[in-house]
Amino acid sequence: MPQVLSLLDFARLVLDAVEATESEYMLGGALAVMAYAEARATQDVDIVVNLPLDRIQDFSKELEKREVLIPASLILERFTQPQGDIPLSGIHLHSGQRVDIFLLQKGDPLRVSALTRKKLIDLGLPLGLVYVHSPEDLILYKLRYFAISEQDKHVRDIAALIYAQRGKLDESYLNSWVRSLGLEAYWQQLQTEAARRWHRPE
Amino acid sequence: MFSSALQHLPTHIWQHFLFAMAAQNLLVQRRLSILGILWNESGLTKPALQARVEALLGPGCFGKQPTLAFARDIRFLRQVLLTAGLHLKYHRTREHPGYWIAGRPALERSLKQKMSAALSEVSPEQADIFARLTPAERVWQGATLSDQLRSQAVRRLQQEQPNLGEAEAHREVLRRMYRVER
(Lines give C-alpha, C1' and ligand atoms only; values in the text may rest on other atoms or scores of the structure.)
Protein backbone atom coordinates (compact mmCIF):
# COMPACT_ATOMS: atom_id res chain seq x y z
CA MET A 1 0.00 0.00 0.00
CA PRO A 2 1.58 3.34 -1.00
CA GLN A 3 2.37 5.62 1.92
CA VAL A 4 2.13 9.35 1.72
CA LEU A 5 5.67 10.66 1.89
CA SER A 6 6.18 14.29 0.94
CA LEU A 7 8.96 15.29 -1.44
CA LEU A 8 10.82 17.07 1.36
CA ASP A 9 10.50 14.12 3.79
CA PHE A 10 11.84 11.89 1.04
CA ALA A 11 14.74 14.28 0.35
CA ARG A 12 15.55 14.25 4.08
CA LEU A 13 15.46 10.46 4.09
CA VAL A 14 17.99 10.32 1.21
CA LEU A 15 20.19 12.90 2.92
CA ASP A 16 20.11 10.81 6.12
CA ALA A 17 21.43 7.84 4.14
CA VAL A 18 24.21 9.95 2.57
CA GLU A 19 25.13 11.58 5.87
CA ALA A 20 25.28 8.18 7.58
CA THR A 21 28.16 7.29 5.24
CA GLU A 22 29.85 10.65 5.95
CA SER A 23 30.16 11.27 2.22
CA GLU A 24 30.43 14.68 0.60
CA TYR A 25 27.27 15.65 -1.27
CA MET A 26 25.32 18.53 -2.77
CA LEU A 27 21.71 18.88 -3.85
CA GLY A 28 21.04 19.85 -7.44
CA GLY A 29 18.10 20.04 -9.83
CA ALA A 30 14.85 21.75 -8.96
CA LEU A 31 15.45 21.92 -5.19
CA ALA A 32 18.68 23.83 -5.81
CA VAL A 33 16.98 26.16 -8.30
CA MET A 34 14.30 26.85 -5.67
CA ALA A 35 16.98 27.67 -3.10
CA TYR A 36 18.30 30.50 -5.29
CA ALA A 37 15.51 31.57 -7.59
CA GLU A 38 11.91 30.45 -7.79
CA ALA A 39 9.58 27.74 -6.55
CA ARG A 40 8.54 25.22 -9.18
CA ALA A 41 7.13 21.71 -9.29
CA THR A 42 9.44 18.75 -9.62
CA GLN A 43 9.15 14.99 -9.85
CA ASP A 44 12.34 13.96 -8.11
CA VAL A 45 15.33 14.76 -5.95
CA ASP A 46 18.78 15.19 -7.58
CA ILE A 47 21.91 14.76 -5.54
CA VAL A 48 25.64 14.53 -6.30
CA VAL A 49 27.57 12.22 -3.96
CA ASN A 50 31.34 11.84 -3.63
CA LEU A 51 31.15 8.26 -2.42
CA PRO A 52 34.43 6.56 -1.45
CA LEU A 53 34.66 3.03 -2.83
CA ASP A 54 34.90 1.52 0.66
CA ARG A 55 31.52 3.00 1.57
CA ILE A 56 29.52 1.64 -1.35
CA GLN A 57 28.18 -1.28 0.68
CA ASP A 58 27.28 1.02 3.61
CA PHE A 59 25.50 3.46 1.32
CA SER A 60 23.45 0.70 -0.29
CA LYS A 61 22.49 -0.61 3.16
CA GLU A 62 21.60 2.85 4.47
CA LEU A 63 19.33 3.38 1.47
CA GLU A 64 17.80 -0.07 1.92
CA LYS A 65 17.01 0.70 5.58
CA ARG A 66 14.96 3.60 4.21
CA GLU A 67 13.24 1.44 1.58
CA VAL A 68 15.22 2.72 -1.43
CA LEU A 69 16.83 -0.25 -3.14
CA ILE A 70 20.04 0.33 -5.08
CA PRO A 71 22.25 -2.78 -4.94
CA ALA A 72 25.90 -2.21 -4.05
CA SER A 73 26.89 -4.16 -7.18
CA LEU A 74 25.05 -1.60 -9.33
CA ILE A 75 26.82 1.29 -7.61
CA LEU A 76 30.19 -0.42 -8.03
CA GLU A 77 29.42 -1.00 -11.70
CA ARG A 78 29.07 2.74 -12.18
CA PHE A 79 32.65 3.17 -11.00
CA THR A 80 34.11 0.30 -12.98
CA GLN A 81 32.11 0.93 -16.14
CA PRO A 82 31.33 4.64 -16.10
CA GLN A 83 28.57 5.65 -18.51
CA GLY A 84 29.13 9.36 -18.55
CA ASP A 85 26.95 11.63 -16.46
CA ILE A 86 24.06 9.22 -16.09
CA PRO A 87 22.54 9.03 -12.58
CA LEU A 88 21.60 6.03 -10.49
CA SER A 89 17.87 6.19 -9.93
CA GLY A 90 16.34 4.97 -6.69
CA ILE A 91 12.61 4.75 -6.06
CA HIS A 92 11.14 4.65 -2.55
CA LEU A 93 9.35 1.32 -2.30
CA HIS A 94 6.10 2.53 -0.78
CA SER A 95 5.68 6.15 -1.82
CA GLY A 96 7.25 5.94 -5.28
CA GLN A 97 9.30 9.12 -4.75
CA ARG A 98 12.45 9.07 -6.89
CA VAL A 99 16.03 10.18 -6.34
CA ASP A 100 18.66 10.57 -9.07
CA ILE A 101 22.13 10.06 -7.61
CA PHE A 102 25.10 11.41 -9.61
CA LEU A 103 28.34 9.85 -8.40
CA LEU A 104 31.59 11.77 -8.59
CA GLN A 105 33.79 9.84 -11.00
CA LYS A 106 37.37 10.12 -12.17
CA GLY A 107 38.03 12.50 -15.03
CA ASP A 108 35.22 14.92 -14.23
CA PRO A 109 36.88 18.24 -13.43
CA LEU A 110 33.64 20.24 -13.61
CA ARG A 111 32.05 18.14 -10.88
CA VAL A 112 35.20 18.33 -8.75
CA SER A 113 35.13 22.08 -9.12
CA ALA A 114 31.39 22.22 -8.35
CA LEU A 115 31.89 20.20 -5.16
CA THR A 116 34.55 22.60 -3.91
CA ARG A 117 32.15 25.51 -4.50
CA LYS A 118 29.03 24.01 -2.91
CA LYS A 119 27.03 26.24 -0.56
CA LEU A 120 25.61 25.41 2.85
CA ILE A 121 22.03 26.71 2.90
CA ASP A 122 19.19 26.46 5.41
CA LEU A 123 16.27 24.97 3.47
CA GLY A 124 14.00 24.78 6.52
CA LEU A 125 12.44 21.72 8.10
CA PRO A 126 12.70 18.85 7.46
CA LEU A 127 15.87 19.45 5.42
CA GLY A 128 17.70 21.92 7.63
CA LEU A 129 21.22 23.07 6.71
CA VAL A 130 22.24 21.23 3.55
CA TYR A 131 24.85 21.52 0.82
CA VAL A 132 23.60 22.80 -2.53
CA HIS A 133 25.29 23.43 -5.91
CA SER A 134 26.51 27.01 -6.30
CA PRO A 135 24.30 29.05 -8.68
CA GLU A 136 27.14 29.23 -11.23
CA ASP A 137 27.57 25.45 -11.30
CA LEU A 138 23.82 24.96 -11.54
CA ILE A 139 23.80 27.23 -14.58
CA LEU A 140 26.71 25.33 -16.15
CA TYR A 141 25.04 21.95 -15.67
CA LYS A 142 21.72 23.25 -16.93
CA LEU A 143 23.45 24.71 -20.02
CA ARG A 144 25.14 21.38 -20.62
CA TYR A 145 21.90 19.43 -20.23
CA PHE A 146 20.10 21.83 -22.55
CA ALA A 147 22.82 21.42 -25.18
CA ILE A 148 22.35 17.65 -24.96
CA SER A 149 18.59 17.34 -24.58
CA GLU A 150 17.18 20.70 -25.80
CA GLN A 151 14.57 20.46 -23.02
CA ASP A 152 13.01 23.88 -22.35
CA LYS A 153 12.94 23.43 -18.57
CA HIS A 154 16.70 23.85 -18.38
CA VAL A 155 16.60 27.25 -20.11
CA ARG A 156 13.69 28.25 -17.91
CA ASP A 157 15.75 27.39 -14.82
CA ILE A 158 18.84 29.19 -16.13
CA ALA A 159 16.75 32.28 -16.89
CA ALA A 160 15.29 32.26 -13.38
CA LEU A 161 18.78 31.90 -11.90
CA ILE A 162 20.25 34.69 -14.06
CA TYR A 163 17.44 37.03 -13.02
CA ALA A 164 17.45 36.17 -9.32
CA GLN A 165 21.24 36.18 -9.02
CA ARG A 166 21.94 39.18 -11.27
CA GLY A 167 24.99 41.12 -10.07
CA LYS A 168 25.98 38.26 -7.75
CA LEU A 169 27.22 35.62 -10.22
CA ASP A 170 30.93 34.93 -10.59
CA GLU A 171 31.14 35.85 -14.28
CA SER A 172 34.79 34.93 -14.75
CA TYR A 173 34.20 31.41 -13.37
CA LEU A 174 31.15 31.00 -15.57
CA ASN A 175 32.87 32.30 -18.71
CA SER A 176 35.92 30.12 -18.18
CA TRP A 177 33.86 26.93 -17.91
CA VAL A 178 31.45 27.94 -20.67
CA ARG A 179 34.47 28.32 -22.97
CA SER A 180 35.98 25.05 -21.96
CA LEU A 181 32.67 23.17 -22.33
CA GLY A 182 32.13 24.68 -25.76
CA LEU A 183 28.86 26.29 -24.69
CA GLU A 184 29.69 29.87 -25.67
CA ALA A 185 26.96 30.11 -28.29
CA TYR A 186 24.24 29.00 -25.84
CA TRP A 187 25.48 31.25 -23.04
CA GLN A 188 25.88 34.27 -25.30
CA GLN A 189 22.39 33.80 -26.73
CA LEU A 190 20.87 33.53 -23.25
CA GLN A 191 22.68 36.57 -21.96
CA THR A 192 21.75 38.65 -24.99
CA GLU A 193 18.12 37.60 -24.74
CA ALA A 194 18.02 38.19 -20.97
CA ALA A 195 19.52 41.68 -21.37
CA ARG A 196 16.99 42.52 -24.09
CA ARG A 197 14.05 41.39 -21.97
CA TRP A 198 15.01 42.62 -18.55
CA HIS A 199 17.07 45.74 -19.18
CA ARG A 200 15.31 48.61 -17.46
CA PRO A 201 16.58 52.15 -18.15
CA GLU A 202 17.43 54.00 -14.92
CA MET B 1 34.43 12.11 -59.14
CA PHE B 2 31.50 10.06 -57.92
CA SER B 3 30.55 12.84 -55.47
CA SER B 4 29.45 15.12 -58.31
CA ALA B 5 26.88 12.51 -59.28
CA LEU B 6 25.36 12.71 -55.79
CA GLN B 7 25.17 16.49 -55.38
CA HIS B 8 21.56 16.65 -56.51
CA LEU B 9 20.40 14.26 -53.75
CA PRO B 10 18.21 15.94 -51.12
CA THR B 11 19.59 16.01 -47.56
CA HIS B 12 16.94 13.71 -46.11
CA ILE B 13 17.85 11.02 -48.64
CA TRP B 14 21.47 11.31 -47.53
CA GLN B 15 20.34 10.96 -43.94
CA HIS B 16 18.28 7.84 -44.59
CA PHE B 17 21.14 6.31 -46.55
CA LEU B 18 23.56 7.05 -43.70
CA PHE B 19 21.22 5.58 -41.07
CA ALA B 20 20.78 2.44 -43.15
CA MET B 21 24.55 2.10 -43.52
CA ALA B 22 25.06 2.71 -39.80
CA ALA B 23 22.48 0.08 -38.88
CA GLN B 24 24.61 -2.49 -40.71
CA ASN B 25 28.01 -1.26 -39.68
CA LEU B 26 29.26 -0.77 -36.12
CA LEU B 27 32.20 1.35 -37.26
CA VAL B 28 29.88 3.87 -38.92
CA GLN B 29 27.58 3.83 -35.87
CA ARG B 30 30.49 4.46 -33.55
CA ARG B 31 31.98 7.30 -35.56
CA LEU B 32 28.60 8.97 -36.02
CA SER B 33 27.94 8.62 -32.28
CA ILE B 34 31.27 10.22 -31.39
CA LEU B 35 30.61 13.06 -33.80
CA GLY B 36 27.11 13.62 -32.44
CA ILE B 37 28.33 13.67 -28.85
CA LEU B 38 31.25 16.00 -29.59
CA TRP B 39 28.99 18.36 -31.50
CA ASN B 40 26.72 18.78 -28.49
CA GLU B 41 29.20 18.60 -25.69
CA SER B 42 32.72 19.91 -25.35
CA GLY B 43 35.17 19.18 -22.56
CA LEU B 44 34.81 15.40 -22.58
CA THR B 45 38.03 13.59 -21.82
CA LYS B 46 38.98 10.47 -23.76
CA PRO B 47 37.66 8.03 -21.09
CA ALA B 48 34.48 10.06 -20.66
CA LEU B 49 33.88 10.15 -24.41
CA GLN B 50 34.52 6.42 -24.74
CA ALA B 51 32.16 5.72 -21.84
CA ARG B 52 29.47 7.88 -23.43
CA VAL B 53 29.75 5.97 -26.71
CA GLU B 54 29.66 2.62 -24.89
CA ALA B 55 26.55 3.77 -23.05
CA LEU B 56 24.91 4.34 -26.44
CA LEU B 57 26.17 1.32 -28.36
CA GLY B 58 26.98 -1.14 -25.60
CA PRO B 59 30.16 -2.30 -23.90
CA GLY B 60 32.74 -3.69 -26.27
CA CYS B 61 31.71 -1.48 -29.18
CA PHE B 62 35.35 -0.43 -29.59
CA GLY B 63 36.36 -4.02 -30.27
CA LYS B 64 39.35 -5.95 -29.00
CA GLN B 65 41.75 -3.03 -29.23
CA PRO B 66 39.70 -0.12 -27.92
CA THR B 67 42.59 2.34 -27.62
CA LEU B 68 43.63 1.82 -31.22
CA ALA B 69 40.03 1.88 -32.48
CA PHE B 70 39.30 5.10 -30.61
CA ALA B 71 42.48 6.74 -31.96
CA ARG B 72 41.50 5.77 -35.52
CA ASP B 73 37.98 7.10 -35.01
CA ILE B 74 39.29 10.42 -33.78
CA ARG B 75 41.77 10.67 -36.65
CA PHE B 76 39.01 9.97 -39.14
CA LEU B 77 36.62 12.49 -37.59
CA ARG B 78 39.33 15.13 -37.35
CA GLN B 79 39.83 14.77 -41.11
CA VAL B 80 36.08 14.91 -41.81
CA LEU B 81 35.68 18.07 -39.72
CA LEU B 82 38.73 19.64 -41.31
CA THR B 83 37.17 19.11 -44.73
CA ALA B 84 34.16 21.03 -43.41
CA GLY B 85 36.42 23.84 -42.18
CA LEU B 86 36.29 22.89 -38.50
CA HIS B 87 39.05 21.76 -36.13
CA LEU B 88 38.71 19.00 -33.55
CA LYS B 89 41.01 20.02 -30.74
CA TYR B 90 41.96 18.72 -27.31
CA HIS B 91 42.59 20.89 -24.25
CA ARG B 92 45.41 19.46 -22.18
CA THR B 93 45.11 21.87 -19.26
CA ARG B 94 44.64 20.23 -15.89
CA GLU B 95 41.68 22.47 -15.05
CA HIS B 96 39.61 21.97 -18.22
CA PRO B 97 40.81 19.00 -20.25
CA GLY B 98 38.90 17.45 -23.14
CA TYR B 99 37.81 17.62 -26.78
CA TRP B 100 36.17 20.61 -28.43
CA ILE B 101 35.32 21.62 -31.98
CA ALA B 102 36.80 24.97 -32.89
CA GLY B 103 34.75 26.92 -35.40
CA ARG B 104 31.49 25.18 -34.62
CA PRO B 105 28.72 27.37 -36.03
CA ALA B 106 26.48 29.37 -33.75
CA LEU B 107 23.04 28.13 -32.76
CA GLU B 108 20.36 27.22 -35.23
CA ARG B 109 17.37 29.54 -35.55
CA SER B 110 14.93 27.00 -34.12
CA LEU B 111 17.09 26.60 -31.04
CA LYS B 112 17.28 30.37 -30.57
CA GLN B 113 13.48 30.56 -30.76
CA LYS B 114 13.17 27.80 -28.20
CA MET B 115 15.48 29.65 -25.83
CA SER B 116 13.65 32.91 -26.36
CA ALA B 117 10.28 31.28 -25.64
CA ALA B 118 11.58 29.65 -22.45
CA LEU B 119 13.03 32.96 -21.26
CA SER B 120 9.76 34.75 -21.88
CA GLU B 121 8.13 32.46 -19.31
CA VAL B 122 10.15 34.06 -16.51
CA SER B 123 8.14 36.97 -15.21
CA PRO B 124 10.27 39.64 -13.51
CA GLU B 125 7.29 40.61 -11.33
CA GLN B 126 6.87 37.05 -10.07
CA ALA B 127 10.63 36.61 -9.71
CA ASP B 128 10.77 39.76 -7.56
CA ILE B 129 8.14 38.27 -5.25
CA PHE B 130 10.13 35.04 -4.96
CA ALA B 131 13.23 37.09 -4.16
CA ARG B 132 11.52 38.37 -1.02
CA LEU B 133 11.13 34.81 0.31
CA THR B 134 13.85 32.84 2.08
CA PRO B 135 15.35 29.75 0.37
CA ALA B 136 13.39 27.61 2.87
CA GLU B 137 10.11 29.31 1.96
CA ARG B 138 10.71 28.87 -1.77
CA VAL B 139 11.64 25.21 -1.34
CA TRP B 140 8.56 24.61 0.82
CA GLN B 141 6.32 26.22 -1.82
CA GLY B 142 7.80 24.23 -4.68
CA ALA B 143 7.73 20.94 -2.79
CA THR B 144 4.13 21.49 -1.67
CA LEU B 145 3.14 22.25 -5.25
CA SER B 146 4.88 19.06 -6.41
CA ASP B 147 3.07 16.96 -3.77
CA GLN B 148 -0.30 18.52 -4.64
CA LEU B 149 0.15 17.94 -8.38
CA ARG B 150 0.87 14.30 -7.72
CA SER B 151 -2.15 13.87 -5.44
CA GLN B 152 -4.35 15.57 -8.04
CA ALA B 153 -3.08 13.21 -10.71
CA VAL B 154 -4.01 10.23 -8.52
CA ARG B 155 -7.50 11.66 -7.82
CA ARG B 156 -8.09 12.48 -11.50
CA LEU B 157 -7.15 8.97 -12.51
CA GLN B 158 -9.51 7.50 -9.88
CA GLN B 159 -12.33 9.65 -11.27
CA GLU B 160 -11.63 8.40 -14.78
CA GLN B 161 -11.35 4.81 -13.61
CA PRO B 162 -13.53 4.40 -10.46
CA ASN B 163 -12.62 0.71 -10.17
CA LEU B 164 -9.02 1.64 -9.52
CA GLY B 165 -8.00 1.42 -5.86
CA GLU B 166 -5.73 4.07 -4.38
CA ALA B 167 -2.69 1.83 -4.51
CA GLU B 168 -3.24 0.97 -8.17
CA ALA B 169 -3.96 4.60 -9.09
CA HIS B 170 -0.76 5.64 -7.37
CA ARG B 171 1.25 3.04 -9.23
CA GLU B 172 -0.30 4.02 -12.57
CA VAL B 173 0.49 7.71 -12.00
CA LEU B 174 4.09 6.81 -11.19
CA ARG B 175 4.29 4.57 -14.22
CA ARG B 176 3.16 7.45 -16.44
CA MET B 177 5.37 9.94 -14.62
CA TYR B 178 8.52 7.88 -15.09
CA ARG B 179 7.43 6.60 -18.52
CA VAL B 180 7.82 2.97 -17.47
CA GLU B 181 6.68 0.49 -20.10
CA ARG B 182 4.07 -2.06 -19.08
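What covers the buried residues of helix 3 of chain B? The cover includes helix 2 (26-40), helix 4 (66-83) and strand 2 of chain B. Helices (H or I, at least four residues) and strands (E, at least two) are DSSP runs, numbered from the N terminus. A residue is buried if 20 or more other C-beta atoms lie within 10 Å of its own, exposed if 12 or fewer, and partly exposed in between; C-beta atoms are placed from the backbone.

The model is predicted: local features need pLDDT of at least 70, side-chain atom pairs count only at pLDDT 80 or more, and totals for chains, interfaces and linings use all residues. Residues are numbered from 1 along each chain as its sequence is written, while chains are lettered from A and ligands numbered from 1 in the order in which they are written.

In helix 3 of chain B, the buried residues are B:A48, B:L49, B:Q50, B:A51, B:R52, B:V53 and B:E54. The end C-alpha atoms of this helix are 16 Å apart, which agrees with the 16 Å that its twelve residues should span at 1.5 Å a residue. The expected span is 1.5 Å times one less than the number of residues. B:G58 follows helix 3 of chain B and has a positive phi, near 105°.

Chain A has nine helices and six strands. Its radius of gyration is 18 Å, close to the 17 Å that the globule rule gives for 202 residues, so chain A is as compact as a globular protein of that length. The radius is taken over C-alpha atoms, and the rule is 2.2 Å times the number of residues to the power 0.38. Along its principal axes, the C-alpha trace of chain A spans about 55 × 35 × 30 Å. Buried residues make up 46% of the 202 residues in chain A.

Helix 1 of chain A has 14 residues. It reaches 20 Å from its first C-alpha to its last, close to the 20 Å expected at 1.5 Å a residue. Ten of the 14 residues are buried, so helix 1 of chain A is largely enclosed by the rest of the structure. Among them are A:L7, A:F10, A:R12 and A:V14. Just after this helix, A:E22 takes a positive phi of about 55°.

In soluble globular proteins, nonpolar side chains tend to be buried together. A nonpolar core is a set of buried Ala, Val, Leu, Ile, Met, Phe, Trp, Tyr and Cys residues joined through C-beta atoms within 7 Å. The largest such core has 71 residues, of which A:V14, A:I47 and A:L161 touch the most other members. Helix 1 (residues 7-20) of chain A gives the most to this core, with nine residues. A second, separate core of eleven residues includes B:L44, B:V53, B:L88 and B:Y99.

The contact between the chains takes 50 residues from chain B and 51 residues from chain A. Two residues are in contact if their C-beta atoms, placed from the backbone, lie within 7 Å. Helix 7 of chain B gives the most to the side of chain B that touches chain A, with twelve residues. The residues of that side divide into 30 nonpolar, eleven polar and nine charged. Here Ala, Val, Leu, Ile, Met, Phe, Trp, Tyr, Cys and Pro count as nonpolar, Asp, Glu, Lys and Arg as charged, and the others, Gly among them, as polar.
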